[in-house]
Amino acid sequence: MTWTNTSDRALRARAEAVIPGGMYGHQSVMLLPDDYPQFFSRGSGPYLWDADGNRYIDYLCGYGPSLFGYGVEAIDQAYVRRMSQGDTLTGPAEVMVELAEAFTAQVTHADWAMFCKNGTDATTMALMVARNHTQKKTIVRARGAYHGAAPWCTPLSLGVTTEDRANQIFYDYNDVESLEAAVAAAGSDLAAIFASPIKHDTFVDQERPTTAYATRARELCDEHGALLIVDDVRAGFRLARDCSWSLVGVQPDLSTWGKAIANGHPISALLGSEKARGAAAFVYVTGSYWFSAAPMAAALETLKHIRETDYLETNLALGKRLRSGLDEAAGRHGFALRQTGPEELPLIMFEEDADMAKGYFWCNALIRRGVYFHPWHNMFFSAAMTEADIDFTLEVADESFKLLKAAGPLEPVAKLQMAHHAIHSIQPL
Ligand SMILES: *Cc1c(COP(=O)(O)O)cnc(C)c1O
């Protein structure tokens, strides 16, 4: 079947009239290469079909939620079974307690759990719990790290006031001196250090945490009576069957979870240690759908899959196969890739491509051949992918390198340049 986008273009025209900007947030394809589809019709296993029926091997996995692939029967059946008994009732069902028991058994530092809908709910709640626990205001967090889209943390400043951003001091990820300087600047007012489990910022090389940095963050919190928060919303259960910082031997006081924890069903969580229990019990946090039972049933089944399958080892093996295969293919055509981050959460960019023209051209060629990559956001694997999917990806990648080479010198990506100017004309807070 040849690749077409007529249905997608028609849907975009309709959306333009009734959805501001045609689409918003991370789901807008405005900043992606030209042929990226905006609308999708279905997903199954590792595959995604767009509105025109083109199939893609999906390396975005719903931007994280699809850990075992789309439409995993056992997980979706747990959801449907619970739906048939009642989902959003006047109060929670037994499954909420079962899920809190399962999470506290699974995650070493956790003695309690609270559930919500989005990662932003969990990170905002973590901030409130830390401030209530310490009776202090200042949050220290890494420059460029994403923690959600509430006014205190959304990446752009439109619609946000200086007051919304008050009481925050920034450090550079993995830079112990800058972390120490930020903590010193907080003086006697430190409530928490927020840490991403890995550096998974957009547009830049990814980094695992150094042991020195993670350990120092723990020590500084202990010295100041502050709480250490690991924001595992994106990386949670993708690097370990525990909090991601278990890999560097550091236990946080609070950790935030979302995305993959119910394989695509809407639920997120704040987990905490004994120390923070009292503070968590009294902050007023809630939401109409936070107690819905069906996503909890799906999460419980997802945790069972996390415990009982080799998904983690599968995803790592697939990630390694893709990384080495891509390096080899790039080399054959005279290109060099920057493949950074853990193999399971790769970010792939080109060397000598400051304006991203190569990356955009190459990703666009991949899309037209059935592979959904991202030019500047980390990607994901689902355990539904097979070696054959990786090998197909490598064939398509090879062909796309060939086209890139034949294309010769490229113009800078106009839409990125425009976005860059627009972002820098926004008043920083
Ligand atoms: C996605 C994400 C969030 C926000 O989660 P939402 O469900 O989109 O609100 C917070 N932190 C990290 C690290 C994320 O990747």
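Some ground rules. The model is predicted, so local features need pLDDT of at least 70 and side-chain atom pairs count only at pLDDT 80 or more, while totals for chains, interfaces and linings use all residues. Residues are numbered from 1 along each chain as its sequence is written, and side-chain values use heavy atoms, with hydrogens and water left out.

Helices first. Helices here are DSSP runs of H or I with at least four residues, strands are runs of E with at least two, and numbering starts at the N terminus. Two packed helices are described by the angle between their axes and the distance between the axes. Axes are lines fitted to C-alpha atoms, for helices over the stretch in contact, and angles run from 0 to 180 degrees between N-to-C directions.

Look at α2, residues 73–85, against α8, residues 293–308. Their axes lie 8 Å apart at an angle of about 150°. So α2 is roughly antiparallel to α8; the label applies over 145 degrees, with roughly parallel under 35, roughly perpendicular from 65 to 115 and oblique for the rest. Contact means heavy atoms within 4.5 Å. On α2, the contact residues include Ala74, Ile75, Tyr79 and Met83. On α8, they include Ala294, Pro295, Ala298 and His305.

Now the second pair. The axes of α5 and α6 (residues 211–224) come within 10 Å and cross at roughly 15°. That makes α5 roughly parallel to α6. This crossing is right-handed too. From α5 come Val176, Leu179, Glu180 and Val183. The α6 side includes Tyr213, Arg216 and Leu220.

Buried means under 20% relative accessible area, exposed over 50%, partly exposed in between, with a 1.4 Å probe and protein chains only. Beyond four places in sequence, Trp245 touches residues including Tyr173, Pro197, Tyr213, Leu228 and Val250.

Last, single residues. Isoleucine 390 sits in α11, residues 387–407. Its relative accessibility is 0%, so isoleucine 390 counts as buried. Sequence neighbours within four places aside, isoleucine 390 contacts Tyr59, Leu318, Arg321, Leu322 and Phe381.

Most residues other than glycine have a negative phi. Two residues here have a positive one. Tyrosine 63 has phi near 60°, in the loop between β3 and α2. Asparagine 174 has phi of about 70°, in the loop between β6 and α5. Tyrosine 63 is buried at 12%, and asparagine 174 is buried at 16%.

Technical notes. A crossing is left-handed if the near helix is turned anticlockwise from the far one by less than a right angle, and right-handed if clockwise.
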